[in-house]
Amino acid sequence: MALWGARFAKEADKRLNDFNSSIRVDQKMYAQDIKGSIAHVTMLDAQRIIPEGDKDIIIKTLLEIKADIESGALVIDPEAEDIHMFIEGELTKRCGDAGKRLHTARSRNDQVAVDFRMYSMDQCQNIIELLKEWIEVLCAKAEENTETIMPGYTHLQRAQPITFAHHLMAYVEMFLRDISRLEDAKKRCNICPLGSGALATTTYPIDREMSAQLLGFDGVSLNSLDGVSDRDFAIEMASALSTVMMHLSRFSEEVILWSSWEFKFIELDDAFATGSSIMPQKKNPDITELVRGKTGRVYGDLQALLTMMKGLPLAYNKDMQEDKELLFDCFETVEVCLTTVIPMVETCRVIKENMRNAAARGFINATDCADYLTKKGMPFRDAYKTIGQLVHYSIEQGKVLETLTMEEYKQASDLFDEDIYEAISLETCVKNRKAIGGPSPEIVKKHIELTKCKLGEMK
C-alpha cells in the first residue's frame with residue numbers, strides 16, 4: 001500500500017498508479033531530495049522534535065542510498081509513485097522506525113518544492129557555464145577576424161561594410177544578457193519553501209531559517225500557501241531559456257545562409273555537417289537546422305507552464321506535477337544545443353575572401369560617399385540625393401563607386417576630388433567607424449577585451 005494509503009479501504013488501481021506516477025521525471029532530483037532530507041532531519045534534531053540518535057542513523061542511511069543509486073547498486077523502482085516516496089521507503093526498509101520519523105513536520109508539497117528549486121538552480125548554473133564557454137568561443141573567433149571585411153545587412157540586403165568580428169560580437173552581447181537573465185531568475189528561485197508543510201506550516205517548533213541556511217538558500221518563503229504553490233521561478237527560467245534559444249536560432253539561421261553556395265562565407269568542419277543519401281555533393285548544416293526546430297520545443301514548454309498555472313486556485317494542485325518535465329526539457333534542450341554548437345563554430349573555416357568580395361559589390365559604401373560630400377560642406381539630404389543618383393548612374397553603366405572616373409564624379413558634384421577613392425575604400429569605411437559600438441578593428445578589439453574582463457569577473 002502507498003505511504004498515503006491508510007485512509008483507503010482498497011488498493012489503488014494500477015492504471016491510477018501509472019497515471020499518477022512521476023518517477024520517470026522526478027528521479028533526476030534524487031540528490032536534491034536526499035540533500036533536503038538531511039537538512040530537514042538536522043533541524044528536527046536541533047529542535048528536539050525527534051529522538052536523540054535518529055538523526056545520525058537517518059543521515060548515514062541517506063548517504064548510503066545516494067551512493068548506491070550512483071553506483072548502480074540500487075535501481076530506482078519505475079513502479080514507485082515518485083522519487084520522494086521511493087527514497088523514504090528505502091530509508092524505512094533499511095533503518096526502521098528512525099526512517100519513519102524523517103517526514104515529521106514536512107509534507108510532500110514543501111519537499112517537492114524545495115527539491116525542484118534546488119535542482120533548477122543547479123541546472124540554471126550549468127547553462128550559465130555553457131554560455132560562458134560559448135561566449136569565449138565567439139570572442140576567440142572574433143579575435144581572428146577583426147579585419148575580415150564583410151557586408152552588414154538590413155532586410156537581408158547589403159547595407160554597410162562591417163567586419164566578421166563585429167558581427168559575432170553582436171551575438172556576444174545577446175548571450176551576455178541571457179546570462180544576466182538566468183542569474184536574475186536564480187535569485188528569485190533561491191528562497192526556501194521547506195517548512196510550509198502541505199499549505200499551513202506545522203504545529204511543531206521547527207526552525208525554517210536553519211533549514212534554509214543548511215541548504216544554502218538566501219531566505220525563506222514568507223507565506224506557506226505561496227511556498228508550496230509558487231512556480232513563478234520555473235516560468236521565469238523557461239522564459240530566459242526561450243530567449244537563449246531565440247538567440248541561438250537567429251545565429252543558426254545565419255550559419256545556414258553563410259554555409260550555402262549562394263553566400264559561402266564559412267565552411268563547417270566535416271565532423272559537424274551531414275550529407276545526403278542520394279546527392280553526393282551535399283554538405284548540410286543539420287546542427288543549426290535542429291537548433292531552429294528545437295527552439296519551438298522550448299517555446300512550447302514555456303507556453304505549457306503558463307497555461308498550466310493560469311487557472312489554479314491556491315494552494316497545491318496535482319496539475320503542478322507537470323512543471324518538472326517541462327522545465328527539465330528546457331534545460332536539457334538548451335544544453336544539447338550549446339554543447340553541439342560550441343565545437344561546430346570553434347572548428348568552422350571562415351572564407352575571408354568571399355566575405356570581402358561580397359562587400360565589394362552592392363554599393364555598401366554609398367553612405368560613406370554621402371558623408372564625404374557632407375564633410376565638404378554639402379547638406380546631408382542634398383548629399384544623399386546626389387549619391388542616390390550616382391548609384392543609379394553606376395548601375396546603368398555596369399560600374400561601382402570605386403570604378404567611376406573623376407570626370408564622372410565631377411559631373412555629380414564639383415566637391416569631389418581624388419581623395420574620394422580613399423574615402424570610399426572598404427578598409428577606410430570600416431576603420432573610420434570608431435564610435436563606441438562601431439566595427440573598426442580598434443573598437444572591436446576593445447570590446448573583446450572588455451568581454452573577457454566580464455567573463456573573468458563571473459568566475
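## The largest cavity

In this predicted model, the largest cavity is lined by Lys 141, Phe 164, Leu 168, Phe 251, Val 255, Trp 258, Ile 266, Leu 268, Met 344, Val 345 and Cys 348. Its volume is about 60 Å³, and by class the lining is made up of 10 nonpolar residues and 1 charged residue, with no polar residues.

Helices H8, H11 and H13 each supply at least two residues of this lining, and the largest share, 3 residues, comes from H11.

## The largest nonpolar core

The largest nonpolar core has 85 residues, of which Ile 127, Leu 131, Trp 134, Leu 138, Leu 182, Leu 248 and Leu 327 touch the most other members. At least two residues of this core come from each of the helices H7 (108-143), H8 (164-189), H9 (208-215), H11 (232-258), H12 (286-309), H13 (322-347), H14 (352-359) and H20 (441-458), with H7 providing the largest share, 16 residues. In soluble globular proteins, nonpolar side chains tend to be buried together.

Leu 138, one of the core residues that touch the most other members, is in contact with Leu 168, Tyr 171, Val 172, Phe 175, Phe 251 and Val 345, when neighbours within four places in sequence are left aside. Among these partners, Leu 168, Phe 251 and Val 345 also belong to the lining of the largest cavity.

Strand S1 (residues 149-154) and strand S2 (residues 157-163) run antiparallel and are joined by 6 bridges. Within this pairing, Tyr 153 stands opposite Arg 158 in S2.

The two strands, S1 and S2, form a hairpin with 2 residues between them, and in the turn His 155 has a positive phi of about 55°.

Notes: Residues are numbered from 1 along each chain as its sequence is written. This is a predicted model: local features need pLDDT of at least 70, side-chain atom pairs count only at pLDDT 80 or more; totals for chains, interfaces and linings use all residues. Side-chain values use heavy atoms; hydrogens and water are left out. A nonpolar core is a set of buried Ala, Val, Leu, Ile, Met, Phe, Trp, Tyr and Cys residues joined through side-chain atoms within 4.5 Å. Buried means under 20% relative accessible area, exposed over 50%, partly exposed in between (1.4 Å probe, protein chains only). Helices (H or I, at least four residues) and strands (E, at least two) are DSSP runs, numbered from the N terminus. Contact means heavy atoms within 4.5 Å. On a 1 Å grid over the protein atoms alone, a cavity is a set of points where a 1.4 Å probe fits but cannot get out, and a pocket is an open set with protein on both sides within 12 Å along at least five of seven lines; lining residues have an atom within 4 Å of a point. Grid points are joined across faces, edges and corners, and a volume is the space filled by probe spheres set on the points. Ala, Val, Leu, Ile, Met, Phe, Trp, Tyr, Cys and Pro count as nonpolar, Asp, Glu, Lys and Arg as charged, and the others, Gly among them, as polar. Two strands pair if DSSP finds at least two bridges between them.
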